[in-house]
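Here is my note on the model. Keep the structure open while you read, and find each residue as it comes up.

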Amino acid sequence: MRFTPFVMVILAGLAGYAGFVAGHHRPSFTRSRLPPPPALGSRDAELDKQIYLTTRQLIGSARWQQAVEDAKLNDEGTVQAFVEVEQLHLSPVEKEALMQRLRVVQAMARRAMGGEKYIWQRRRPFIDYGGQSCVIDIQRFLTSWSYPSGHTVRAYALALALSKLYPEHRSAFLAKAHQFAESRVICGMHWASDIKAGEAFATRLMETVAP
């Protein structure tokens with residue numbers, strides 16, 4: 001079921017019970033692996049806002065369409081996309097072994113950062129400032145959190161795992177991760193600082209585990 005913009009605004013208002021209306025993000029004394037997101041009214045928060053508003057101008061462009069396609073990918077599709085970044089000349093058996101290895105990495109990354117969103121409870125850009133998103137089922141994001149970007153954490157975890165295995169293709173893998181992360185901002189689902197935090201989180205995570 002698709003919601004009209006008016007209904008979405010009403011739902012966003014009702015989401016206040018979960019803490020959205022209370023503030024831009026909710027500070028917490030819970031142990032976190034990340035610094036807090038930019039404080040409301042700070043220079044960094046204003047920069048996030050300006051980047052979000054500027055990227056609304058990309059709606060309908062080729063880069064917007066790429067962001068739409070990136071948003072459609074589920075976990076399996078994301079792993080497949082990273083494996084196909086470069087011609088690795090793998091046999092079917094080798095490719096399946098690599099895919100399975102990356103599935104484990106992605107699942108680990110998802111688990112590792114899951115709690116961070118609930119620590120900070122930062123609203124998504126489209127809730128604060130409106131504007132179109134490239135995500136079709138946007139209603140489920142009305143009551144989910146923005147900081148850090150989970151897509152970014154998983155994309156960089158995959159890129160860094162592949163870079164350890166195939167260091168000669170590191171630049172291509174990281175470029176793919178950057179594309180995925182940037183797409184989340186273009187989609188209106190994340191602030192620029194969300195994806196910066198996601199990249200930092202994934203980098204620290206992958207420094208401590210084997211691919």
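1. Which residues of helix 9 are buried? The model is predicted, so treat what follows as a reading of that prediction. The buried residues of helix 9 are S193, D194, I195, A197, G198, F201, A202, L205 and M206. They pack against four other elements: helix 2 (43-55), helix 5 (92-120), helix 7 (150-165) and helix 8.

2. Now check the length of helix 9. It has 16 residues, and at 1.5 Å a residue they should span 22 Å. The end C-alpha atoms of helix 9 are 23 Å apart, which agrees.

3. Step back to the whole chain. It has nine helices and zero strands. Read from the N terminus, the elements run α-α-α-α-α-α-α-α-α. The chain holds 211 residues, and 47% of them are buried. Its accessible surface is about 10,900 Å². Carbon and sulfur atoms account for 59% of that surface.

4. Look at the contacts next.

5. How many aromatic pairs does a search of the whole structure find? It finds three. One of them is F82 with F180, a tilted pair.

6. Y129 sits in helix 6 (residues 125-129). W191 is in the loop between helix 8 and helix 9 (192-207). The two are 62 residues apart, and the pair links distant parts of the chain.

7. W191 has 1%, so it counts as buried. The cut-off for buried is under 20%. Ring pairs also bring in Y52: together Y52, Y129 and W191 make a cluster.

8. Turn to the backbone. A cis peptide bond joins Y147 and P148. Its omega is about -5°. P148 lies in the loop between helix 6 and helix 7.

9. H89 has a positive phi of about 55°, although H89 is not a glycine. It is in the loop between helix 4 and helix 5. Q121 also has a positive phi, about 50°, and is not a glycine. Q121 is in the loop between helix 5 and helix 6.

10. Which of these two is buried, and which is exposed? H89 has a relative accessible area of 71%, so it is exposed. Q121 has a relative accessible area of 12%, so it is buried.

Methods
Residues are numbered from 1 along each chain as its sequence is written. This is a predicted model: local features need pLDDT of at least 70, side-chain atom pairs count only at pLDDT 80 or more; totals for chains, interfaces and linings use all residues. Side-chain values use heavy atoms; hydrogens and water are left out. Buried means under 20% relative accessible area, exposed over 50%, partly exposed in between (1.4 Å probe, protein chains only). Accessible areas come from the Shrake-Rupley method with a 1.4 Å probe; for residues, only the protein chains shown count as cover. Rings of Phe, Tyr and Trp (its six-membered ring) pair if their centres lie within 6.5 Å; planes under 30 degrees apart count as stacked, over 60 as edge-to-face and the rest as tilted. The expected span of a helix is 1.5 Å times one less than its number of residues. Contact means heavy atoms within 4.5 Å.
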